Structures are given as C-alpha cells and as structure tokens.
Amino acid sequence: MKTIAQLTYIPLYSDHPKEQVQDLLEFVAQHDVEVDVNYLSTSIKGDSDVVFELIREVYDSMTLEGQKFRFHVELLSPTAE
C-alpha cells in the first residue's frame, strides 16, 4: 500500500525560515518517497511504513533542534500502487 501525505512546515520565531524549510526538504529527499514540492506544502508518496516513519523523524528532528514550529500533516487514503 502507498500512502500520500501533504506536509506543511512553518518555522516560528525564525530569522531564516526559508533556510529551515529548505533543510527540511533536503532531509525528506533522502528517504525512499516521491516528493512533490508546491508553493505552500510538500506532498510525499511512498510505502505507508516509510511515510509514517518519515513524519515521525521530521517531528523528532525539529523538536531536538529546539525549534518552534507548526507542522501540519494531511493524509489521503492509501492506494494500491
């Protein structure tokens, strides 16, 4: 099963939010998922386990770095691709 997730990451209280978003995109690109970067969000598609693990890794990584952020995740129903 493949899962599609739409991720929106919003750095708060940052002097360099674009750099933080770019760092996140580079992190996501290192994983075995299809990535589609849009103006306000990024969609990822991959095996359900990989997508959910990636979401957790992104959240944990940003938390460990002590950043303040909003992280919106929207999931679509799985596909049989």
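Which residues in α1 meet which residues in α2? I started my notebook there: Leu24, Phe27 and Val28 in α1 meet Leu54, Glu57, Val58 and Met62 in α2. By contact I mean heavy atoms within 4.5 Å.

**Ground rules**

I am working on a predicted model, where local features need pLDDT of at least 70, side-chain atom pairs count only at pLDDT 80 or more, and totals for chains, interfaces and linings use all residues. Residues are numbered from 1 along each chain as its sequence is written, and side-chain values use heavy atoms, with hydrogens and water left out.

My element names are DSSP runs numbered from the N terminus: helices are H or I with at least four residues, and strands are E with at least two.

**Entry: the two helices**

I looked up the packing of α1 and α2 next. Their axes are 11 Å apart and the angle is about 145 degrees. For such values, axes are lines fitted to C-alpha atoms (for helices over the stretch in contact), and angles run from 0 to 180 degrees between N-to-C directions. I noted the crossing of α1 past α2 as right-handed.

I then checked Ser61, which is found in helix α2 (residues 48–64). Is Ser61 buried or exposed? Ser61 is buried, since its relative accessible area is 19%. The cut-offs, with a 1.4 Å probe and protein chains only, are under 20% relative accessible area for buried, over 50% for exposed, and partly exposed in between.

**Entry: the sheet**

I traced four strands in an open sheet, ordered β2-β3-β1-β4 with antiparallel pairing. The edges are β2 (34–37) and β4 (68–75); each has a single partner strand, so one side of each is left without a neighbour in the sheet. On average, neighbouring strands of this sheet are turned by 20 degrees against each other, direction ignored. Two strands pair here if DSSP finds at least two bridges between them. As a reminder to myself, strands of a sheet pair through backbone hydrogen bonds, either parallel or antiparallel.

I went through the bridges of β3 in turn. Six of them join strand β1 (residues 2–12) to strand β3 (residues 42–47). In β3, Lys45 is the bridge partner of Ile4, and Ile44 is that of Ala5. On the β2 side I found four bridges to β3, again antiparallel, with Asp36 bridged to Ser43. A hairpin of four residues joins β2 to β3.

How many of the six residues of β3 are buried? I noted five, so β3 is mostly covered. Helix α1 (residues 17–29) lies across β1, β2 and β3, and runs at about 155 degrees to β1.

**Entry: aromatic rings**

I searched for rings of Phe, Tyr and Trp (its six-membered ring) with centres within 6.5 Å; planes under 30 degrees apart count as stacked, over 60 as edge-to-face and the rest as tilted. The count comes to two aromatic pairs. Tyr9 and Phe69 are tilted, at 6.0 Å centre to centre and 40 degrees between the planes. This pair links distant parts of the chain, with Tyr9 in strand β1 and Phe69 in strand β4, 60 residues apart. Tyr9 counts as buried at 9% relative accessibility, and Phe69 is buried at 18%.

Tyr59 and Phe69 are edge-to-face, at 5.8 Å centre to centre and 80 degrees between the planes. Tyr59 lies in helix α2 and Phe69 in strand β4, so this pair ties together parts ten residues apart in sequence. Tyr59 counts as partly exposed at 42% relative accessibility. Together, Tyr9, Tyr59 and Phe69 form one aromatic cluster.

**Entry: the core**

The largest one has 14 residues, of which Val28, Ile44, Val58 and Phe71 touch the most other members. Two or more residues come from each of β1, α1, α2 and β4, and α2 gives the most, with five.

Leaving out residues up to four places away in sequence, Phe71 touches Leu7, Thr8, Tyr9, Ile55, Val58 and Tyr59.

Notes. A nonpolar core is a set of buried Ala, Val, Leu, Ile, Met, Phe, Trp, Tyr and Cys residues joined through side-chain atoms within 4.5 Å. A crossing is left-handed if the near helix is turned anticlockwise from the far one by less than a right angle, and right-handed if clockwise.
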